[in-house]
Amino acid sequence: MSVDRARSLRRVLAGLVTALGAVLALLMVLAITGMIVTSREYRRGSQFGVARQAATTQLLVDLLSAETGSRGYSLTGRDDYLGPFKQASREYPGHLKRLKRLVRDERALETATESVDRAAQRWFAESRLLVKLVKEGQGVAARRRIETGMAKALQGAFRSDHNALLRAVARERRASLDRADTRRRITLAVIAASALLALLVVAAVAHRIWRQLGGPVADLAQGVQRVARGNLSQPVPARPAAVRELRALVGGFNQMQVDLVGQRDAVATAARRDAALTAERELWKTVQSGLLPARLPRAPWMRISARYRPSEADLLIGGDFYDAVMLEDGRLSVVVGDVSGHGASAAAKAAGLRFAWRTMVQVNPDPEAVLHVLNEQIGTPEERLQGRFASLLHLVIDDEGRVDLAPAGHPAPILLTQDDCRPLVIDDPGPPIGVFNDAQWPILRFQLPLGGTLVLYTDGLVEARRNGEEFGIERACRVLEAERSSPLTTRIERLIDAARRFDEANLRDDVVVLALERPALPR
């Protein structure tokens, strides 16, 4: 009885792949970590530098405004000059507090800021004295005091300290970027060394695999070429030194040649059917690319994430779409919509609406104007004859959390705050677009609180069913509250997964979920 001592393919490859995987994993970890750290340092250094410079410049603006008002009032006695002085006096402490927060833990910048503040306080004290003298009817005394140059000297001292602070801010910014550059160079050197090591390991693995497996695989490849040319009569020779899996593969391939003679027509038919399905699938992917943006915009004051899940019942794609654009004035504009129907026609119309919306918000992001334009696009006689319409939510939000929301027959968004989770109350959601020629849509204005999350979605989410019961808003809120501490993307993915599980792991309609989270300010 003979014993099969051939080594298995798993044993041959296990040791080789382990070494290669370890090196590649190390390379990936080093690359990702290095890039994340470097990017974070660059971003932080740049943002802090710009913010510090802007805050420092604001102090100078406050002082110049106050100086204009104080001098004008002291020389003319007109009360209208006091407006700029009082406003600058009120705003200066807040601007100083912001600057101190930005330079915290930076000893040199803290010292320079304190010096600027002391100079400013001395100037404010002198200006308040001049204003007081004029109010008490001592205008001559005030003018004489101005002629002494005391206020001008104090302002000069402030300018000097302010210029020193600007130079310190610039030096700190350059130092931060220099440190980030150093880390980047180190990271690139480590990545290069790891890549070289990986190449050496790959070369060694490739050589050993070819030595142990190359001959049998080459024989099998020649057999495949013969079959490709139509020669089905010559079997692949069996090599005793081949690994067990390859010997089994050669035997199976030879048997396949025997079976293939009688199945050639069936295989050709199946191949044509597979080609048709592949072409159809690629067509659907092309249509889908028109419904979803390649990437979402980023803003330091707002986190945004979105997910699209197609229906799993029949078609791969429907009429659900979303998009988001950062406007020139710094606000963020968002849309989530659902065109009636499924298939290529609905998807094409949804893509057209998305591109029209994207063009319109760059020209005039006013919610009512945007909805009127989209209503004209979808509300043609041909579309109405086909019963085509669309529900959507269009909103514009600024960095203070102020939201202008225009609903057009669409489910109300869900508002998740630190205290509760509930749908927004929309007394009049307005009609879907494409239904009426001269429709009017209400504009809902509200404030998204710090730490709050606004969740926009299409009806496929809440209308997921089990035994006639819908998934509904309450279940959606329970999922969002349970995942309150999770990252925004994780939250919406788990929300969609919960609806899918409720619908027996088979969503019957397309689902879009887009979430906006306004991060709470750091302490």
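Author: A salt bridge is a side-chain nitrogen of Lys or Arg within 4 Å of a carboxyl oxygen of Asp or Glu. This is a predicted model, in which local features need pLDDT of at least 70 and side-chain atom pairs count only at pLDDT 80 or more, while totals for chains, interfaces and linings use all residues. Residues are numbered from 1 along each chain as its sequence is written, and side-chain values use heavy atoms, with hydrogens and water left out.

Reader: What makes Lys-100 and Glu-114 a salt bridge?

Author: The closest N and O atoms of Lys-100 and Glu-114 are 3.4 Å apart, and the limit is within 4 Å. The pair links distant parts of the chain, with Lys-100 in helix H2 and Glu-114 in helix H3, 14 residues apart; helices here are DSSP runs (H or I, at least four residues), numbered from the N terminus.

Reader: Why is Asp-398 called buried?

Author: Buried means under 20% relative accessible area, exposed over 50%, and partly exposed in between, with a 1.4 Å probe and protein chains only. Asp-398 has a relative accessible area of 12%, and therefore counts as buried. Its salt-bridge partner Arg-402, with 2.9 Å from N to O, has 48% relative accessibility and so counts as partly exposed.

Reader: Why does Leu-200 count as exposed?

Author: Leu-200, which lies in helix H5 (residues 150-228), has 54% relative accessibility, so the label exposed applies.

Key. Helix = DSSP H or I, 4+ residues; strand = E, 2+ residues; numbered from the N terminus.
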